[in-house]
Amino acid sequence: MTHAGGGRFRAGAATAPFWPRRPTGSNRRRGQIHDSHERRQRGREGQEDGTGRGGRCGQGAQKSGIGGADQAGSAVWALIRELPRVARGLTLALAVLILAQAAGSALLPLATGHLVAALTSTPKSLDSMTVGLALLGLVLILDVVLDPIRTMVASRLGTALDGATAQRTVDGALRPAQIDHLDDTDVADRIERARAVGLGAHPPGQAVTALAGLVPLRLTGLVSAALLGWFGQWWMPLVLGTAWVVTGRWQEKEIGRSVSAHAGHTVQLRRAAYLRELATTAPAAKEVRLFGMRSWLVERFSTAWWDGMVHMRRARVSPRRHALAIVFLLAAHLAVVLALAFSAARGSLSVRELTVALQALLGLFALGFSGDLQWTLHTAGAAVPAALAVGELDTRTEPGTRTATATLPDREIRFDQVSFSYPGATGRVLDGLDLTVPAGSSLAILGDNGAGKSTLTKLLAGLYLPDRGRITVDGQDLGDFDPAAWRRQVAVVFQDFVRYPFSVRDNVTFGHIEAAATDDDHLVAAARLGGFLGVEQELPSGWNTLLSGAYTDGTELSGGQWQRLALSRALYAVRHGARVLVLDEPTAHLDIEAEHELYARFLEITAGLTTILVSHRFATVRLADRIAVVDGGRVSEYGTHDELLASQGRYARMFRVQSEFFDARQGSHSG
């Protein structure tokens, strides 16, 4: 019977399942040039698309990295403290089973000593043999019979921990009323570590399994030290124990550096994971092959992988320290073995005592480095403090408590000297913007790409807070309202609306999730106004059809059908009391006939609502009562379509450019 725990001294535990081919010099430089251009591009574009991460890549990761062996150890203590909160009964049961295993490991040398002494004595001692066999039977029960139970309990506790950390991560990411925390690379990296989905990552449940193997190993080492000191000499466990602990500490520092390197390069590893996703999943498969991106993707993946992992390889124990550790261990074992041999030769040690001492000597390896158990414990355990940190996320300011009544807005929505920039961005998207939207009217917002049109809609929905100025509803600061209560008054179709891989019914009723599941009247009415009604009849399971090709009974919609479904979701919210309707490029994916039908229903859709339209299409813009042109972070023009044309400003120029294009096409067809 042997002690568990794998190899006694092992270098290079921080290895990956495979190593991609390292990029060549020229290709690597080309990738770095492209990365530099890409970072500059993100710095310009991140403002309008809401990412706001340009120029900040990696800062948060370095700040939140796990700083070496000491902090890696703190992650283990965080794991231990979390287990009773997750499942107290399972934690107690596992602790008892671990102690039983340690007791079995302690009894094994004693059983072996009694049996060897009984078999070698003259005459043979039946009593000593009986005691030895009894102890050996108890060892079998504690160490062998209970082992499957320990494994099962550790597995169930690990599963419970996985669920608890996942729930804490989801809850923490969703708790803040605004979404600016998701633009912070520090938070993004913590979420990645908490999710344990990065390349080479381990879910936290594996740390429980490793802990269930490592703790009895350490207890076995302590018991072995006590037995060696009792049956041998007092100095023997000090010499051997010091040798194993010191060399194990060297290896543990290696793990700490590797885990720290992994945490400090989460940005690169997240990029590598994204590139792998592009190469191995269906959504990008068409363009990857069409544009011949195979070599580019492989090269970029390798570059990102090496950028994230090369520091982990450099963090290994140096060959000199490795050799010193081996010499140290050999010298310590040689000193103890020679001393035991000398004592046995003099007759000061009996056969039983020598057998127990030698068994204890072998058991002291459990105080040293335990290979994959420690690596798994530290890497998988790193997800726990990350999940705890994400779970403690909160709003940057105290949310308002004023209840948004069902009549808001009754007079107007006003943007008063509003300035805003995304986290990490160098310039302002909005700079002292003034805008008034009369209640019950429709306003179209027009402007160049990146002018801040979509940002206005996010500020109105309370997803971000202005840096300066304020947004008021009937004279009340929007920040004073309870965010959830105000959002029930706002229905938005974002330009990048979500395509939920759930049923058609869910995709519509998410507009007011508190509504009853059998609320088919509002469902049908919203789908009719959104232009989706009738599409469900062509689907396999009607309203209950799953909208994802990943399911055997699911299906995919066209881009135009998805847009009509998103509009129906917003109108479902309107049917349940929302008074403000925001449509960001509502016709971007619609064909000509569907777009015409939307125009025909526009007055019916917006009746009694305060409506904000964001669009580049003048056919859409002209439907609004008033039009605002956003330029340079401010409203440069404001008025009706006819008033803006008469002013001969930017709106008139943009209108002529678009009209001339269509007039030219119409003339070419008629000619």
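Predicted model: local features only at pLDDT ≥ 70, side-chain atom pairs only at ≥ 80, totals over all residues.

Four strands form an open sheet in the order β2-β1-β4-β5, and the pairing is antiparallel. Strands here are DSSP runs of E with at least two residues, helices are DSSP runs of H or I with at least four, and both are numbered from the N terminus. Two strands count as paired if DSSP finds at least two bridges between them. The edges of this sheet are β2 (430–438) and β5 (476–477); each has a single partner strand, so one side of each is left without a neighbour in the sheet. Inside it, strand β1 (residues 412–420) pairs with strand β4 (residues 468–473) over five bridges in the antiparallel sense.

Residues are numbered from 1 along each chain as its sequence is written, and side-chain values use heavy atoms, with hydrogens and water left out.

**The six-stranded sheet**

A second open sheet has six strands in the order β6-β7-β8-β3-β9-β10, with mixed pairing. Here β6 and β10 (634–639) stand at the edges with a single partner strand each, so one side of each is left without a neighbour in the sheet. From one strand to the next, the twist averages 20°; for such angles, axes are lines fitted to C-alpha atoms (for helices over the stretch in contact), and the angles run from 0 to 180 degrees between N-to-C directions.

Strands β3 (residues 442–447) and β9 (residues 626–631) run parallel and are joined by five bridges, and A444 has I627 as its bridge partner in β9. Between β9 and β10 there are also five bridges, but these strands run antiparallel. D631 is bridged to R634 in β10. The hairpin of β9 and β10 has two residues between the strands, and G632 takes a positive phi near 65° there.

**Helices on the sheets**

Helix α21, for its part, lies across β6 and β7. The table gives the directions.

| α21 | β6 | about 175° |

**Covered helices and annotated spans**

Helix α15 (residues 372–381) is mostly covered, with eight of its ten residues buried; buried means under 20% relative accessible area, exposed over 50%, and partly exposed in between (1.4 Å probe, protein chains only). Among the buried residues of α15 are W375, L377 and H378. Helix α14 (residues 351–363) has 13 residues, and its buried ones include V356 and L361.

UniProt, in an unreviewed entry, places the feature "transmembrane region" at residues 89–108, 128–146 and 323–345; such annotations may be inferred rather than shown by experiment. The model makes residues 89–108 100% helix, with end C-alpha atoms 29 Å apart. Residues 323–345 are likewise 100% helix, and their end C-alpha atoms lie 33 Å apart.

**Aromatic rings and a loop**

There are nine aromatic pairs, counting rings of Phe, Tyr and Trp (its six-membered ring) with centres within 6.5 Å; planes under 30 degrees apart are stacked, over 60 edge-to-face and the rest tilted. The rings of Y500 and F510 have centres 5.0 Å apart and planes at 80°, so this pair is edge-to-face. Y500 is partly exposed at 26% relative accessible area, and F510 is partly exposed at 28%. Ring pairs also link F420, Y422 and Y464 into a cluster.

A550 sits in the loop between α20 (520–530) and α21 (559–575) and is exposed, at 72% relative accessibility. Its C-alpha lies 8.8 Å from that of P501, although A550 and P501 are 49 residues apart in sequence.

**The whole protein**

Overall, the protein has 25 helices and ten strands, and 48% of its 671 residues are buried.

Note on methods. Expected span 1.5 Å × (residues − 1). Contact = heavy atoms within 4.5 Å.
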